[in-house]
Amino acid sequence: MADFDGLHQVRLSPGDEQDALALSRDVGWNQLAEDWTHFIQEGLTIGLRDRSGHLVATSAALPYDGPFGFVSMVIVTPAMRRRGLASALVRICADDLRARGLVPVLDATEQGQPVYEKQGFVPQFRYDRWQRDGEGSMPALRPGPATDAQAIAHLDAQAFGAARPALLRAFLSRPDTIATNIDDTGFALLRRGRRAWQAGPIVSTSEDGAIQLISQLPLGDVPLFIDVPQGWQKIGAWLAARGFAVQRRFARMAFERRAPFGAPDRLFATAGPEYG
């Protein structure tokens, strides 16, 4: 493995989840240990450790079944920033995906977009993270009909542009994940995160249908994130009327490809910037 000016590059493996979770928690990210487990098991997850063995940076390459894979979990502890570590880690993960015959894709913050553009990534579309604070609890969940994971994965692949059944199965296996209105036109998922619940992905044939799906989720009075492509202004107005506000903005970016994948007219909320 390479040496990054005194930092040792390692591939994270099962058992490293708690170190990775400590890093993402320290920078205020929303992931659970289960998320790190998925990246470690399903993709290439790189870490940088200092001389004391502490994990100070990470990145992950998550291949999907289709034309692209995702680069994510690019985290550098504040004391190690502005040393080019994030760019180097992105390059490693992008190279891994290209070696698999996949187009590297990532979701960039407004601050990160210029950095990734220098590496050949171009924006495909933009989305807003809507956030609602809350101090209550999720309503008691009643057992519902059996979730059709195969139907969800099929609808998700059509809208997203690549199949990711392992990710959808992982989400649905979590006891707190909620799926609504599963039929042949759309679905919505809601899952627990460390800081907030995350709504998405949400797939529908219309914006009104997507709003209906969101309204069916048992949102309660809890902190909640939902990442909505900027073109869906009716959803934004619906969220604003219910106490949500835009926390930050992201750009979906792909290596040397501007045209979006999948069917953007059916994607009304993403699965979050770590998964796309």
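Okay, a quick definition to start: when I say strand, I mean a DSSP run of at least two E residues, and strands are numbered from the N terminus. With that in hand, Pro-201 lies in strand β10. One more thing before we go on: what you see above is a predicted model.

So let's stay with Pro-201 for a moment. The peptide bond joining Gly-200 to Pro-201 is cis, with omega at about 5°.

Met-73 isn't a glycine, yet its phi is positive, about 55°. You'll find Met-73 in strand β5, residues 68-76. Is Met-73 buried or exposed? Met-73 counts as buried because its relative accessibility is 2%, and the cut-off for buried is under 20%. Glu-256 has a positive phi as well, near 55°, and again this is a residue other than glycine. Glu-256 sits in the loop between β12 (245-255) and β13 (267-269). With a relative accessible area of 62%, Glu-256 is exposed.

Now, salt bridges. How many does the structure hold? Twelve. I'll walk you through a few.

Start with Arg-252 and Asp-107, where the closest N and O atoms are 2.4 Å apart. This pair links distant parts of the chain, since Arg-252 is in strand β12 and Asp-107 is in strand β6 (residues 103-109), 145 residues apart. Arg-252 is buried at 4% relative accessibility, and Asp-107 is buried too, with a relative accessible area of 11%.

Next up, Asp-176 and Arg-192, whose side chains meet in a salt bridge at 2.7 Å, N to O. Here the loop between α6 (165-173) and β8 holds Asp-176, while the loop between β9 and β10 holds Arg-192, and the two are 16 residues apart. Asp-176 is partly exposed at 26%, and Arg-192 is partly exposed at 37%.

Then there's Asp-208 with Lys-234, closest N and O atoms 3.0 Å apart. Asp-208 is in helix α7 and Lys-234 in helix α8, so this pair ties together parts that are 26 residues apart in sequence. Asp-208 is partly exposed at 47%, and so is Lys-234, with a relative accessible area of 43%. And there's a network as well: Asp-16, Asp-19 and Arg-49 are joined by salt bridges that share partners.

Gly-236 is buried, with a relative accessible area of 9%. From Gly-236 to Asp-128 is 108 residues in sequence, but the C-alpha atoms are 8.9 Å apart in space.

Gln-113 is in helix α4, residues 113-117. Leaving out residues up to four places away in sequence, Gln-113 touches Ala-108, Pro-123, Arg-126, Ala-251 and Met-253.

Last stop, the surface. Which residues gather in a patch of positive charge there? Arg-25, Arg-194, Arg-195 and Arg-248. Take Arg-195: it's in the loop between β9 (187-191) and β10 (197-203), and at 39% relative accessibility it counts as partly exposed.

Notes: Residues numbered from 1 in each chain as written. Predicted model: local features only at pLDDT ≥ 70, side-chain atom pairs only at ≥ 80, totals over all residues. Heavy atoms only, no water. Buried < 20%, exposed > 50% of the residue type's maximum accessible area, 1.4 Å probe, protein only. Helix = DSSP H or I, 4+ residues; strand = E, 2+ residues; numbered from the N terminus. Contact = heavy atoms within 4.5 Å. Patch = residues over 30% accessible without salt bridge, like charges linked within 9 Å, V, L, I, M, F, W, Y side chains within 5 Å. Areas by Shrake-Rupley, 256 points an atom, 1.4 Å probe, with all protein chains shown as cover. Salt bridge = Lys/Arg side-chain N within 4 Å of Asp/Glu carboxyl O. Lys, Arg positive; Asp, Glu negative; His and termini not counted. Charge placed at Lys NZ, Arg CZ, Asp CG, Glu CD.
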